[in-house]
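Let's take a walk through this structure together. Have a look at the sequence and the 3D view first, and then we'll go through it piece by piece.

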Amino acid sequence: MSRLKRLRGRVWAFFAKPVLDAELEAEFEAHLQLAVDEYMEHGMLPAEARRQALIDFGGIQQAREKQREARGLMHIDILLQDLKYTVRKLLRDPGFTAVAVLILTLGIGANIAVFSVVNTIMLRPLPFPNAHELVWIAPPPAKCGFSCATYSTDAYDEFRAGSRSYQDVTGYFAFSTPGNLRVSMGSGTPVSATSIDVIANFFQVLGVYPAMGRLLNTDDALNGAAPVIVLTDAWWRRQFAADPNIIGKSFDINGRQTTVVGVLPRAFDFGAVFSPGAKVDALTPLPLYGDPRNWGNIITFIGRMKPSVTLSQARQDAVVVAPKLCWNNRIPQTCGSYKTPVPVPLKDYVSGRLRHSLIVLWCAVGMILLIACVNLSNLLLARAAARSKEFAMRAALGAGRFRIVRQLLTESMVLSVAGALFGLILAALLLSWLSHQGAIALPLLSQLRIDRATLGWTLLTAIAAAVFFGMVPGFRIATGNLHEALKDSSAGSGQGRKHERLRSVLVISEVALACVLLVGAGLLLRSFLHVLDVDLGFQPERAAAIKVDDGALNPTFSVDEIQRRTVMYQQILSRVSTIPGVEAAGITDYLPLDRNRSWGLPFPKGVRRPENLTGGPLVYVVSPGYLRAMGTRLRGRDFTWDDRLQGEHVAIINQALARFLASYAHWPNANPIGQLLNGSGGDTRIVGVTDDVHAETVEGEAGWQIYYPSTQKVPAGTELVVRTTLPPGQLASSVLRTLRDLNPNQPAAEFKPISMLVDHANSPRRFFMILVGAFALLGLLLAALGIYGVISYSVTRRTQEIGIRMALGARAGLIQRQVLSQSLWLVAVGIAIGAVVSVAIAHLVASMLYATSPWDAATYCAIAAALFAVALVSGYLPARRASNISPLVALRSE
Amino acid sequence: MSDSRLDLLQGTLDLMVLQTLLAMGSLHGYGIARRIEQASGNQVLLNQGTIYASLVRLEQRGWIRSKWGTSDNNRKAKFYSITNTGKRQLAEDSRYWRRLTSVMERMFAMGPAGEVEPGDL
């Protein structure tokens with residue numbers, strides 16, 4: 001017989017109690033009737049027969065109970081009883097219940113939210129089918145930005161054909177700039193949008209299917225194919241009002257009629273996976289055999305491994321294929337020049353860097369739960385102390401000790417479940433807010449939601465918390481002497497003191513935990529302040545940038561194009577400079593901390609170039625005045641409009657590149673200004689040296705950078721940078737109006753403050769700092785509550801003693817000091833333990849810190865001071881109460 | 001007199017019920033209780049009411065089934081009968097009991113302890 005079936009029977013029996021009970025009664029009645037009949041047959045009188053039958057039957061109530069126990073879930077019956085009792089009891093003490101549930105809500109809610117973040121970013125596979133097969137294929141990270149992580153179209157073809165480890169390899173154009181689409185719909189002003197060019201098989205490799213229409217196919221990417229576009233779900237809803245008939249409609253995009261062929265599913269978010277914090281509106285095909293062939297390294301590789309292939313096999317495979325890759329098939333010297341690509345799981349590429357931070361965050365939030373539990377233990381203990389008589393009474397009336405402990409555990413379980421429910425609501429609110437924070441550069445945030453794993457985690461946390469904080473008081477009751485409690489009427493007896501000692505231990509551990517959290521948060525905060533203090537090489541305050549429509553999507557070099565742009569840029573800059581409040585204006589093609597690209601390294605003229613030199617400087621093609629608008633310090637001279645195409649070619653380099661080149665060139669005084677460089681485009685004279693600009697990360701070392709004038713090289717795009725004396729927001733409309741005057745096609749692009757770029761780059765650090773900081777403050781609050789609770793309880797317990805002492809002449813000040821010193825003592829011990837633990841585990845956060853030692857003395861001291869201050873405050877209230885005790889009242893109260 | 005009656009070992013009642021049903025076919029609770037009393041020669045200390053816990057247990061395990069019916073003297077009562085699984089279970093259990101009793105007998109036959117009178121225990 002299967003257990004399951006039996007269980008089903010039992011569960012059924014539990015719910016069908018009235019029916020089954022009635023049936024049992026009928027059966028009993030039949031039984032007695034039959035017995036009576038038999039006795040009467042033997043000549044007994046009815047009354048006597050009935051009496052005898054009842055004797056034979058035994059205790060009816062017992063039989064009933066036994067049968068019920070045999071048939072059903074006796075435990076649940078008891079549990080229900082306990083539950084009913086507990087709820088009644090809790091509702092009678094709403095203050096305690098509210099505080100307990102609030103503490104648990106915060107503790108469990110924070111845990112749910114953080115688990116969801118950790119689960120989404122770190123634990124859950126990427127939102128693609130068989131995501132474990134997907135790999136990111138790139139050489140090991142180098143200093144030259146995206147250009148060193150990308151490949152040419154020829155290399156892509158070769159890699160795809162030559163590798164045997166993959167079902168297929170795809171990629172996307174890594175250098176799309178935000179707002180690269182100018183979409184004209186009807187007669188209105190064009191809107192600006194962002195699209196990413198992807199290789200036609202992109203969606204097949206990722207396993208993404210259209211929500212509507214179709215995605216891209218190879219024909220779309222052929223030269224001369226009719227332009228098509230695939231919309232993301234978000235853009236389709238926002239810009240096209242979720243038009244159900246959008247498929248087949250066409251719009252003027254960057255001057256070409258482009259047909260919408262499909263809409264992506266809601267679950268696909270390009271930015272969330274590949275470019276956190278960026279908003280991508282549409283995807284367009286990358287024509288592999290058209291212009292992009294001449295653009296150099298532009299494609300990132302993403303591969304889907306064959307199911308049977310392991311990562312190390314794919315790596316081996318890449319080693320074999322790498323030498324065959326050519327930068328350009330027509331230039332044989334470029335073959336074999338690529339560093340060997342290393343496939344890493346796409347998941348690691350997306351979230352690997354965050355792993356450590358996430359684990360720290362998880363630990364922090366776990367500690368919050370721990371503190372919450374200790375706090376509740378404390379509260380329950382105080383309650384249990386107050387109720388010890390009730391328990392003793394129940395024990396005396398025959399309740400088993402186990403039954404009483406179970407009652408206590410039920411109570412903690414009820415509290416915990418209530419906390420978990422409210423916590424779930426809190427977490428859901430938090431998550432829905434977080435998932436709409438597009439500006440936080442953390443991957444997959446938009447995928448945050450309460451899923452099954454999160455619910456499971458909630459349940460687990462709730463149960464663990466209930467057991468944890470219910471255990472201490474439960475254990476206390478189970479081991480305590482109940483009869484003692486019945487006698488123990490005066491508050492000063494041994495039982496009370498024992499309670500107090502245990503509660504002190506709890507408070508000390510609370511303070512210690514809070515101390516560890518605060519130290520962690522303090523260190524992160526200090527790092528963050530250091531990061532904000534970093535000299536970025538430019539001044540983000542009061543500067544803003546706007547993308548300008550320059551009439552060319554992917555410009556190639558020509559004399560006409562240079563001349564056209566020079567005229568256009570001069571016009572724009574002279575007009576914009578006259579706007580009141582504009583201090584300086586300039587144009588660049590790439591902004592720091594945004595996208596970037598690098599070109600080959602030019603070398604000092606006449607100096608032999610070492611063989612093994614790899615990588616190149618980040619390149620910025622800028623107009624005169626750009627460096628001043630950005631606030632980048634410059635030694636030497638800026639470009640001028642007189643640096644003509646026909647004249648001498650000039651460049652400005654940064655200090656890092658200057659130092660590097662000087663180490664080869666033996667320039668007089670190592671001064672590069674005035675020296676000649678020799679690159680693929682002929683000789684270039686260095687006219688200036690700039691500060692190192694933090695172009696890729698705020699805290700990382702800056703790499704090589706080189707600036708070329710827009711009058712001699714073609715910029716890849718046009719970003720107008722404006723430095724103002726007013727808040728940038730106030731200028732937005734006048735700058736846009738000026739641009740519109742000059743070019744009616746100018747879309748309503750975003751006027752984004754440069755400080756936003758910095759904020760964006762710092763957003764992960766800020767995210768973790770704020771979260772850990774919030775947890776630390778919560779921990780501090782809970783610890784303060786704990787201290788207050790214990791001291792205040794001890795004052796109440798000693799009311800009589802204090803009264804006597806005051807009657808004997810003790811002054812109020814002395815009493816106050818004594819009570820205060822008691823709370824300081826608790827905190828001192830807690831801090832000591834917390835500090836030792838912090839020192840021991842501080843190295844765990846070391847990798848998240850910037851220019852801050854994990855054993856930073858200032859932080860430790862500040863935290864200790866803060867905790868003492870909190871102890872003073874939370875000890876002061878009970879101390880004042882103690883000193884206000886009137887001896888008369890205190891003595892009379894007994 | 002009741003002092004010398006046998007207390008039922010855990011599980012024996014279930015077995016007795018099964019055996020009774022196997023021997024008698026369909027029977028109501030009272031009938032089963034009476035049969036057990038008679039078969040044991042009134043040696044078993046049985047509160048008749050306790051049989052119902054046993055019956056519900058056996059029924060949940062699927063070893064017996066029940067149906068309301070009418071007794072010989074026209075009383076409505078619930079009649080129990082043994083199922084095939086019940087029969088198999090009974091065969092197994094009785095085998096076990098026989099082995100156990102034979103082992104116990106051999107143990108008691110082993111030496112001086114076996115000669116102690118039950119009354120002295």
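How much of chain A, out of its 894 residues, counts as buried? The answer is 45%, where a residue is buried if 20 or more other C-beta atoms lie within 10 Å of its own, exposed if 12 or fewer, and partly exposed in between, with C-beta atoms placed from the backbone.

Before going on, keep in mind that this is a predicted model, where local features need pLDDT of at least 70 and side-chain atom pairs count only at pLDDT 80 or more, while totals for chains, interfaces and linings use all residues. Residues are numbered from 1 along each chain as its sequence is written, and chains are lettered from A and ligands numbered from 1 in the order in which they are written.

**The two chains**

Chain A contains 27 helices and 23 strands; these are DSSP runs numbered from the N terminus, with helices (H or I) of at least four residues and strands (E) of at least two. Its radius of gyration is 37 Å, well over the 29 Å that the globule rule gives for 894 residues, so chain A is more spread out than a compact globule. (That radius is taken over C-alpha atoms, and the rule is 2.2 Å times the number of residues to the power 0.38.) Along its principal axes, the C-alpha trace of chain A spans about 130 × 85 × 55 Å.

Chain B has 4 helices and 3 strands, and along the sequence they follow the pattern α-β-α-α-β-β-α. Here are the two chains side by side; for the last column, two residues are in contact if their C-beta atoms, placed from the backbone, lie within 7 Å.

**Where the chains meet**

The contact takes 23 residues from chain A and 21 residues from chain B. On the chain A side, the elements giving two or more residues are α1 (3-15), α2 (17-41), α3 (46-57) and α4 (60-71). The largest share comes from α2(A), with 8 residues. Sorted by class, this side of chain A has 9 nonpolar, 7 polar and 7 charged residues. (Ala, Val, Leu, Ile, Met, Phe, Trp, Tyr, Cys and Pro count as nonpolar, Asp, Glu, Lys and Arg as charged, and the others, Gly among them, as polar.)

**A few helices and residues**

Over in chain B, helix α4 (residues 84-108) is hardly covered: 2 of its 25 residues are buried.

Back in chain A, Trp235(A) sits in helix α9 (residues 233-240). Is Trp235(A) buried or partly exposed? It is partly exposed, with 19 other C-beta atoms within 10 Å. Leaving aside neighbours within four places in sequence, Trp235(A) is in contact with Ala193(A), Asp281(A) and Ala282(A). The C-alpha atoms of Trp235(A) and Ala193(A) are separated by 8.9 Å, although these residues are 42 residues apart along the chain.

His356(A) belongs to helix α13 (residues 355-386). It also counts as partly exposed, with 14 C-beta neighbours inside 10 Å. Not counting residues up to four places away in sequence, His356(A) touches Ser847(A) and Met848(A). Between the C-alpha atoms of His356(A) and Val845(A) there are 8.2 Å, and along the chain these residues are 489 residues apart.
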